[in-house]
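Let's take a walk through this structure together. Have a look at it first, and then we'll go through it piece by piece.

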Amino acid sequence: MIGDSYEFESTLWAWAARKELWVFATLPHDASDEIADRPRPPSGFGAVPVRVRLGDSTWETSIFPGVDEGAYVLPIKKAVRAKAGVEVGDTVAISVELRG
């Protein structure tokens with residue numbers, strides 16, 4: 001169901017292949033399982049469109065199935081990390097809302 005939201009904490013990590021460019025948070029496995037079970041139109045890389053809140057920032061992006069952990073991963077923009085004063089290795093509170 002579109003509009004469902006998930007609130008969780010996650011430790012920010014850098015993608016090994018492009019550490020300087022890509023930083024992610026991993027969604028909890030229970031939330032990832034629920035999201036994966038929802039019917040939705042096919043999209044590239046299994047992406048699911050979401051609205052995200054971290055600190056004072058809200059933006060729209062997509063989450064993607066993670067390769068190693070089996071949970072969805074959320075890209076965190078550099079500008080959002082700077083505004084929130086967080087970096088790789090920090091644990092942050094995040095809200096993710098599914099969107100159509």
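**A helix and its buried side**

Start with helix H1, residues 29-37, where Ala31, Ser32 and Ile35 are buried. Buried here means under 20% relative accessible area, exposed means over 50%, and partly exposed is anything in between, worked out with a 1.4 Å probe and with protein chains only. Look down the axis of H1 and its buried residues fall within an arc of 100 degrees, so they line one face of the helix. That arc is taken from the directions that lead from the helix axis to the C-beta atoms. There's a simple bit of background to this: an α-helix has 3.6 residues a turn, so residues three or four places apart point the same way. Turned away from the buried side of H1 is a face with the exposed residues Asp30 and Asp37. And what do the buried residues of H1 pack against? They pack against S1, S4, S5, S6 and S7, where a contact means heavy atoms within 4.5 Å.

Before going further, a word on what you're looking at. This is a predicted model, in which local features need pLDDT of at least 70 and side-chain atom pairs count only at pLDDT 80 or more, while totals for chains, interfaces and linings use all residues. Residues are numbered from 1 along each chain as its sequence is written, and side-chain values use heavy atoms, with hydrogens and water left out.

Now step back to the whole chain. Its secondary structure comes to two helices and seven strands, and from the N terminus on the elements run β-β-β-α-β-β-β-α-β. Helices (H or I, at least four residues) and strands (E, at least two) are DSSP runs, numbered from the N terminus. Of the chain's 100 residues, 37% count as buried. Take the contacts with a separation of 6 or more: residues 24 or more positions apart account for 61% of them.

The seven strands make an open sheet in the order S1-S7-S4-S5-S6-S3-S2, with antiparallel pairing. Two strands pair if DSSP finds at least two bridges between them. Strand S1 (5-11) and strand S2 (13-14) stand at the edges with a single partner strand each, so one side of each is left without a neighbour in the sheet.

Next come the charges. Side chains of opposite charge can pair when their charged atoms come close. How many salt bridges does the structure hold? There are six, each one a side-chain nitrogen of Lys or Arg within 4 Å of a carboxyl oxygen of Asp or Glu. One of them joins Glu34 and Arg38, at 4.0 Å from N to O, and Glu34 is partly exposed at 42% relative accessible area.

Arg51 meets Glu60 in a salt bridge whose closest N and O atoms are 2.6 Å apart. Arg51 counts as partly exposed at 32% relative accessibility, and so does Glu60 at 42%. Arg51 also forms a salt bridge with Glu97, with the closest N and O atoms 3.8 Å apart. This pair links distant parts of the chain, since Arg51 is in strand S4 and Glu97 is in strand S7, 46 residues apart. Glu97 is partly exposed, with a relative accessible area of 28%. Salt bridges that share partners join Arg51, Glu60, Glu97 and Arg99 into one network.

Finally, the outside. The chain's accessible surface comes to about 6,100 Å², and 53% of that belongs to carbon and sulfur atoms; these areas come from the Shrake-Rupley method with a 1.4 Å probe, and for residues only the protein chains shown count as cover. On the surface, Trp15, Leu21 and Trp22 form a nonpolar patch with about 320 Å² of accessible area together. Patches are made of residues with over 30% relative accessible area and no salt bridge, with like charges joined within 9 Å and nonpolar side chains (Val, Leu, Ile, Met, Phe, Trp, Tyr) within 5 Å. Leu21 sits in the loop between S2 and strand S3 (23-26), and at 47% relative accessibility it counts as partly exposed.
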